[in-house]
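Hi,

Here's the structure I promised to send over. Have a look through it first, and my notes follow below.

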Amino acid sequence: MKKNIQIIKKSLLYFRPFKWAIIVIFILGFIQNSLINSSSYVLGKVVDAFNSVDQYNLLLYVIGYILLLVMPLMLKRLINIYDIKHVDFDMFNHIQGTTLFKSLGLSLGQLRREHSGFKQDVLKSGENSLDYLYFIIQEEILPAISSFIVALVGLYFVGIEFFLTAILFSIIYYTHGTYVNAGIKKPLRVQIEKRGERNKVYVDILRSLFFIKFSNQRETATKHLNVVQDDFRNHGVDIWTDYHKKMLISDFLLISYYVIFVYFVYMGLQKGDISAGLLIPTFAWMVMFANAVSRVRNMQRRIAIAISDLEKMFEMLEQKTDLEICENPRSINVFENEISFESVGFDYKDGKKDALISINFNIKKGEKVALVGRSGSGKTTIISLLLRLYDPAQGSILIDGVDLKALELGDWHNMIAYVPQDSDLLDISIKDNIIFGARHKVTDAEIESVLEKAGIKEFIHNLPQGIDTLVGERGVKLSGGQKQRVCIARALIKDAPILLLDEATSSLDSETESVVNKAIWDMLGDKTGVVIAHRLSTILDADKIIVMDHGEIVGIGTHKQLLKSTPYYKKLVDAQNVNL
Ligand code: ADP
Ligand code: MG
């Protein structure tokens, strides 16, 4: 319960910017519903007036009744217009924008680890639940509360026994519902995890549609999805069958309520306390009251689902960072001296073995360092630690003598341009991709210059829409090599003092690669660079080559030195037929 209140409180924060508009809508909605709920009373008056001689009274009541039927409809339209203009769309946009912004508050490591299918499911369901909460309060709860109050007041005036019957019924009915709902809380959480699992598989399949189709695996893929669907379904069927069986009791409660009520009405008629006209609102309020109570209780189930969704979303958005927190991080805007790895060890929590073991090396300012080694040897992991996606499990990384953990991470990232192993582009124009992340206003001349350096100037200028060409989802409209070069251009525009390139030229043909590589070494100029290279021929000029094997460094030196000192390096070189 306490937890639920916390979740509701957190949800309310999302509604805050719309507080006043919502209050206006709720008050008007309440008035509107109360008008509807009072109409049966006036209808009773109409019936009573039939028997009186005063025709004028009858006319008044008929007009009043019609007004009570029509006015709330008109009011509802006005409320809808107001809602659409001031809350509806704006609120969803606000919710989505806020969750996106909060997602970006997660650490890089967390963002990379979390499966995108899960993320999508949790965020989408959470966002929809917030929107839904507002909707059911407005469309279900508020009308129910209005019916509840109007009916109770009305019944009180009809007779205290009606009033008490209603109160007693609502208490028993509601208590039973709460008890049943409490029972499904845990299974519901499991159910949401299963839904996440299903969505993860689905998104995964969607992402690989091309390959699945190509490999004729349509059935396999569908079966793969069916397994998680069935799991979700079976669990859901169990929960809800059980729920509805338990809820059957409440239908008997409802029958008893009506029976008692009708008995009291009968007694009232006998005694002459209830007139024919009063019979109409009495029955109307009886039904209205029962409906209101059961409506709120049925909402409980849907609210329980919404709350579980929200709980999951808040949990995800409020994950504590897995990075060690430094209370007063130092700001950094120049790199003066050196980066050093001191006995750094690291393991991916789900990895079977250590990804890095006791890594020691340093990179002096202005040095061009190459990381080489077979795939899986730990090269990318070194870059990930340097970017502080994760903190080392052992040892430390020092920047100019200061532990990376003590630096302001945003500042540090500003000093690095990074070209990842799998180049990732947004589906915007080439130009916008290139200037994305630049910290200064980029001139056209600058863009021309980096395009030239990255070796794609000619290619881009030959496109019908030139630099304004949209690149497609993840850059599908470009070849692997073109994509990489756009990413290199993007890194160049950033003009940061440190450049990290993770196999940035691996998709290029060897001729283009040597051109682009020359550009990379040139552009490195006096910058500090760490380059992971696929082809050893491209890093022969590095100031320092670090040779990795199974998470360990097996040699450090220049190409010439390593040929002599490190047989493993020589083996790698020989395997690639590098011309010396
Ligand atoms: P390289 O870049 O040299 O090919 P990596 O640094 O990517 O190698 O990987 C080093 C080791 O860590 C490999 O054994 C790899 O399987 C493992 N690894 C890499 N990334 C992850 C990850 N996100 N989760 C678990 N294990 C990982
Ligand atoms: Mg790698």
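**What I found**

Of the protein's 580 residues, 44% count as buried, meaning under 20% relative accessible area with a 1.4 Å probe and protein chains only, while over 50% is exposed and anything in between is partly exposed. Bear in mind that this is a predicted model: local features need pLDDT of at least 70, side-chain atom pairs count only at pLDDT 80 or more, and totals for chains, interfaces and linings use all residues. Residues are numbered from 1 along each chain as its sequence is written, chains are lettered from A and ligands numbered from 1 in the order written, and side-chain values use heavy atoms, leaving out hydrogens and water.

On overall shape, the radius of gyration is 35 Å, whereas a compact globule of 580 residues would have one near 25 Å (taken over C-alpha atoms; the globule rule is 2.2 Å times the number of residues to the power 0.38). The C-alpha trace spans about 120 × 55 × 50 Å along its principal axes.

As for the fold, I get 18 helices and 10 strands (DSSP runs: H or I of at least four residues for helices, E of at least two for strands). Among contacts with a separation of 6 or more, 78% come from residues 24 or more positions apart (contact means heavy atoms within 4.5 Å).

Then the cysteines: there are zero disulfides, a disulfide being a pair of cysteine sulfur atoms within 2.5 Å. Cysteine 487 is buried at 1% relative accessible area, and Cysteine 326 is partly exposed at 28%.

Cheers
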